[in-house]
Amino acid sequence: MKTAVIFAPGCEEGEALTIVDIFRRAEIRCDMIGLDEKEITGAHDITMLCDEVISEELKDYDMVILPGGYGGAEAMKNHALLQSVLKEMNKNGKYIAAICAAPIALDEAGVLEGKRFTCYPTTAAKIHTGIHTDDKVCVDGNLITSQGPATAWAFAYKLVDVLGGDSLTVKKRMVYFNAFDVQEDE
C-alpha cells in the first residue's frame, strides 16, 4: 500500500501528523506530500518538512488523505493538479480521505457527488454536493471523511483498517483505550 497525506499551507498540523504517525506505526507507507513546496507552515505556525512535492505521480497512490485547516483546505480546493488527481483517483475507485474543512476540496473535485460524508460542523454549509452526516468518521465506498482535530485518531485508525492494516495492535500500543471512552471497534 502506498498512501500520501497532502500538506498545504495553513493545514491542521495535528490532524496531518497524527495520520502520518499512526500509518507509520501500522507499517503502512505514508508519504508527506507538500503542495508546491517541501517545507509547509501549518495553521498554528508549525513548519513541517515533507518527503516530496506534489506531482502527477500522486495518482499512482492507493490512498490520498487531505487534512483540514481552513487555509490548507482552500489551497487544496484551488490547486489544479490536486483537483485533477482527485478526479482521476475517484474515477478509478481509489481511496480518498479528508478531515475537518478538507471536504470542500473534495466537493470542488466532484468526489462527494451521491456520497455520504462528514466534516467540521461549520464547513457543511460550504459544501454543495453529497449527503452530510454527523458521524465521527464516515465511510462510503472509496470515500472516508471525519469531523476535525479531536477525531483525527479515530479517523487514522479507520483508514488503517480500510487498508487492511492492524489498527487494534497500534491502538493498544498507543494506550488509545486508556485515553478515550471507545470500544475496540471504534
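**Entry 1: a Phe to start from.** I began at Phe155 and listed its contacts (heavy atoms within 4.5 Å). Leaving out residues up to four places away in sequence, Phe155 touches Ile19, Ile65, Ala97, Ala98, Ile99, Val137, Ile144, Thr145 and Ser146.

A note on ground rules before going on. This is a predicted model, so I kept local features to pLDDT of at least 70 and side-chain atom pairs to pLDDT 80 or more, while totals for chains, interfaces and linings use all residues. Residues are numbered from 1 along each chain as its sequence is written, and side-chain values use heavy atoms, with hydrogens and water left out.

**Entry 2: the cores.** Next I looked up nonpolar cores, meaning sets of buried Ala, Val, Leu, Ile, Met, Phe, Trp, Tyr and Cys residues joined through side-chain atoms within 4.5 Å. For burial I used relative accessible area: buried is under 20%, exposed is over 50%, partly exposed is in between (1.4 Å probe, protein chains only). Which residues touch the most other members of the largest core? They are Val5, Phe7, Ile19, Phe23, Ile65, Phe155 and Leu159, out of 34 residues. At least two residues of this core come from each of β1 (2–7), α1 (13–25), β2 (29–34), β6 (63–66), β7 (95–99) and α5 (152–162). Helices (H or I, at least four residues) and strands (E, at least two) are DSSP runs, numbered from the N terminus. α5 gives the largest share, seven residues. I also found a second, separate core of 31 residues, with Ile6, Ala105, Leu112 and Ala124 among its members.

**Entry 3: α2.** In helix α2 (residues 70–77) I found Gly72, Ala73 and Met76 buried. Looking down the axis of α2, its buried residues fall within an arc of 100 degrees (taken from the directions from the helix axis to the C-beta atoms), so they line one face of the helix. What covers them includes β1, β6, α3 (80–91) and α4 (103–109).

**Entry 4: Val162.** I went back to α5, where Val162 is found. Val162 has 24% relative accessibility, so I put it down as partly exposed. Beyond its neighbours within four places in sequence, Val162 is in contact with Met63, Tyr95 and Ile144. I also checked Val162 against Cys138: they are 24 residues apart in sequence and 12 Å apart in space, C-alpha to C-alpha.

**Entry 5: salt bridges.** How many salt bridges does a search of the whole structure find? It finds five, counting a side-chain nitrogen of Lys or Arg within 4 Å of a carboxyl oxygen of Asp or Glu.

- Asp21 and Arg25 pair at 2.9 Å, N to O. Both lie in helix α1, four residues apart, about one turn of the helix. Asp21 is partly exposed at 29%, and Arg25 is partly exposed at 40%.
- Asp51 bridges to Arg24, with the closest N and O atoms 3.0 Å apart. This pair links distant parts of the chain, 27 residues apart: Asp51 sits in the loop between β4 (47–49) and β5 (52–53), and Arg24 in helix α1. Asp51 is partly exposed at 30%, as is Arg24 at 41%.
- Asp31 and Arg29 meet at 2.9 Å, N to O. Is Asp31 buried or exposed? Its relative accessibility is 10%, so I noted Asp31 as buried, whereas Arg29 is partly exposed at 44%.
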